[in-house]
Protein chains: 2
Amino acid sequence: MSYPLEGLRVLDFSWFLAGPYATMILADLGADVVKVEAPERGDPSRTAGPFANGVSGYFLSVNRNKRSIVLDLKSEAGRARAAKLAGRADVVVENFVPGTMKRWGLDYATLAETNSRLIYASCTGFGQTGPRALESAFDLVIQALAGTMSITGEAGAAPVRVGNSIGDLGGALYLTIGILAALQARHRTGRGQALDLSMMDAQVALLENAFMRYFVTGETPARLGSRHPLIVPFQAFPTSDGYVVVTAGTEAQWGRLCEALGASELKEDARFLTNTARRQNIPALETELSARFKTRTTDEWLEILRDHEIPCAPIQTIAQAASDPQIAAREMIVNVEDAQAGTQRIVNTPLRFSEMQSGVRTSAPQLGEHTDEILRDWLAE
Amino acid sequence: MSYPLEGLRVLDFSWFLAGPYATMILADLGADVVKVEAPERGDPSRTAGPFANGVSGYFLSVNRNKRSIVLDLKSEAGRARAAKLAGRADVVVENFVPGTMKRWGLDYATLAETNSRLIYASCTGFGQTGPRALESAFDLVIQALAGTMSITGEAGAAPVRVGNSIGDLGGALYLTIGILAALQARHRTGRGQALDLSMMDAQVALLENAFMRYFVTGETPARLGSRHPLIVPFQAFPTSDGYVVVTAGTEAQWGRLCEALGASELKEDARFLTNTARRQNIPALETELSARFKTRTTDEWLEILRDHEIPCAPIQTIAQAASDPQIAAREMIVNVEDAQAGTQRIVNTPLRFSEMQSGVRTSAPQLGEHTDEILRDWLAE
């Protein structure tokens, strides 16, 4: 079986998370991703912990399946070599501050002169244009500015950061989509083009529903803990040993939930008769339901709720999710053999095709591991 | 200027969020997305509020640029028509419970018999295989099971839901990537294939760093509020009128931050001399810094922090983000004219190409608005 992106050459100048996560997806799909790294230091995420036998887990996780070449972009020889490789690439990915690649003669306009089929994907915090274009951005800044944090957290309490780096990852996913769309266009036109991806734009695109609510109602969306803005109850409740999320939006579900909780008196309680009534009496409803959910374990409630056909789930820790039978059945966690770190477990691609392969094949490269091999492969044609 | 996905025909059986968000991206890129809807009711998100002149803002936001055809898949005639349209499609998207499309004779194997170039993308909560395959899933369930909620929220307090529907949206973005990768493969092989996308798999893929930390250290990742797991300080602080996020990971930045806060005595404080020391004394550090940040407004602090070259940002509400000058310069919020709802503001695509167009062109369709037109366009060749 082959891979969907077999034969696709990606020259990747990016580092840390957003760019490398995008090229990880391309590599998982079979693209030949060549990671360009600076001498000695390489991608700075190589020094980000935690470490497995001295190898950065951070680096290993998002750089599997790639090859590494060392090029000193601060030297003329290094830049000339990079330009030559770009002449043989289908895709260039970079996430430098706008203007950097131009100073090095590695911008789209220059490279396209000799490679008109090149797709040139830039990923920055704020894009190549606009008043913030040159501001430095990191995940927390993107989550803060775009509005994500303002709607994440307990009602009335401080905003919190989404636990994973969704500011970077949203940018990475959109970057990947843009690259693949430009590839599709190239089959029609024969020509490449530049893609200008802003992590903040991508984050706003993922907040479309919150922006829509604000535009339609004029009300600024608030933090709601685990609650849904419209349906009540649709949230998490603490149990005697953890949490359970539950939803009962219809009157029938509400009735069954009351029975499941052994609280049939709540069914006739005027404060909770309809979703509208329940929305007006959220604090009272939470008090009534919380008191009952605390009397049993999560597992006990899951069984009872399922018997009553109430949609529900436990809130799993990362450790619990890692041993979830569905995750195992889907092969979402796989072993990778690393020469230095040994056998490591990492998260696999979620992309599953009927006729083709995808996923983790090789561990992340050592710094410059493939320099000679890549020069031979790409330039000796 | 043309669009990257011009000429691409997408037959979209999906509803609510994950599938429609993916086909929204394809439509924004110029694909001809035909939304198949049930008679009378249509996509159930048409009844999701808030409403603008009776039009669901929820529906309008993610279904712009699409056309709507009404087909009754519960009737033989409707299914026959759907199969005929699938014969002329490049891509089919569906998010029914596994087995549903097969019962209707609209599964990949059946449709591929007459259209071997078809790309058939299924998006479900847990995928087509595995013990949870037939469980019903919604965003809160995916966020709960995959581990997202367990790492989102204040330390020691209850887990919270990510404020936007990242369970659905993560699935949508990966679904889009899978479709475009299969298209790229089709240029090589001449054949389509099926894509089996699980929202839970996609969510786990977005949690790769948290899983990696667990696998490498054996420690279950915890909730940290707005804090970074390794760098201190790298978090939000309340000001006199809001919040500011700030990072000072290096010793030089820490020194400048102390000066910016008018607290040069903290520079010599042994508890805070290095990042390691600061990590060991987080509560004390937060007490010291919080007391000072509360004395000025967010705007005042931003000016002071920028003068001291400390990376920083305000935590913006959705209303504030909507009027951010960068968002305006990037045209991330645009007007769309809707026949019934009037002029509405919605979030634009973040994809910007040098040689091609993308973005919002037309409002979301009325139910069945294009039924005759689509039958004529697609079947009269």
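User: In which loop does Glu331(B) lie, and what is its phi?

Analyst: Most residues other than glycine have a negative phi, and most peptide bonds are trans. In this predicted model, Glu331(B) sits in the loop of chain B between helix H15 (325-329) and strand E12 (333-338). Its phi is near 55°, a positive value in a residue other than glycine. Glu331(B) counts as partly exposed, because it has 15 C-beta neighbours inside 10 Å.

User: How does one read the buried face of a helix? Which residues of H10(B) are buried?

Analyst: An α-helix has 3.6 residues a turn, so residues three or four places apart point the same way. In helix H10 (residues 251-260) of chain B, the buried residues are Trp254(B), Leu257(B), Cys258(B) and Ala260(B). They cover an arc of only 160° around the axis, and therefore lie on the same side of H10(B). Helix H13 (298-307) of chain B is included in what covers them. Just after H10(B), Gly262(B) takes a positive phi of about 65°.

User: What is Lys267(B) in contact with, leaving aside its neighbours within four places in sequence?

Analyst: Lys267(B) is placed in the loop between H10 and helix H11 (275-280) of chain B. Beyond those neighbours, it is in contact with Gly255(B) and Cys258(B). Lys267(B) and Leu257(B) are 10 residues apart in sequence and 9.0 Å apart in space, C-alpha to C-alpha. Lys267(B) is partly exposed, because 15 other C-beta atoms lie within 10 Å.

User: How is a helix pair described? At what angle do H1(A) and H7(A) pack?

Analyst: One reads the angle, the axis distance, the handedness and the residues that meet. Helix H1 (residues 18-28) and helix H7 (residues 166-189) of chain A pack at about 45°, with their axes 8 Å apart. This angle makes H1(A) oblique to H7(A). Their crossing is right-handed. Residues of H1(A), among them Tyr21(A) and Ile25(A), meet a set in H7(A) that includes Leu169(A), Ala172(A) and Leu175(A). By class, the contact residues are eight nonpolar, two polar and one charged.

User: How do H7(A) and H7(B) cross, roughly parallel or roughly perpendicular?

Analyst: The axes of H7(A) and H7(B) come within 9 Å and cross at roughly 25°. H7(A) is therefore roughly parallel to H7(B), since angles under 35 degrees count as such. The crossing is left-handed. Among the residues that meet are Leu173(A), Ile177(A) and Leu180(A) in H7(A), with Leu173(B), Ile177(B) and Leu180(B) in H7(B). This contact has 12 nonpolar, six polar and no charged residues.

User: How many residues does each chain give to the contact of the two chains?

Analyst: Chain B gives 120 residues and chain A gives 120 residues. On the side of chain B that touches chain A, helix H7 (residues 166-189) of chain B supplies the largest share, 14 residues. That side of chain B divides into 74 nonpolar, 33 polar and 13 charged residues.

User: Which residues is Leu145(A) in contact with, apart from neighbours within four places in sequence?

Analyst: Leu145(A) is found in helix H6 (residues 139-146) of chain A. Its contacts are Met200(A), Ala313(B), Gln316(B), Ala321(B) and Asp324(B). Leu145(A) counts as buried, because it has 30 C-beta neighbours inside 10 Å.

Technical notes. Residues numbered from 1 in each chain as written. Chains lettered and ligands numbered in written order. Predicted model: local features only at pLDDT ≥ 70, side-chain atom pairs only at ≥ 80, totals over all residues. Axes fitted to C-alpha atoms, helices over the stretch in contact; angles between N-to-C directions. Helix = DSSP H or I, 4+ residues; strand = E, 2+ residues; numbered from the N terminus. Parallel < 35°, antiparallel > 145°, perpendicular 65-115°, else oblique. Left-handed = near helix turned anticlockwise from the far one by under 90°. Contact = placed C-beta atoms within 7 Å. Nonpolar A, V, L, I, M, F, W, Y, C, P; charged D, E, K, R; others polar. Buried ≥ 20, exposed ≤ 12 C-beta atoms within 10 Å, placed from the backbone. Arc of directions from axis to C-beta.
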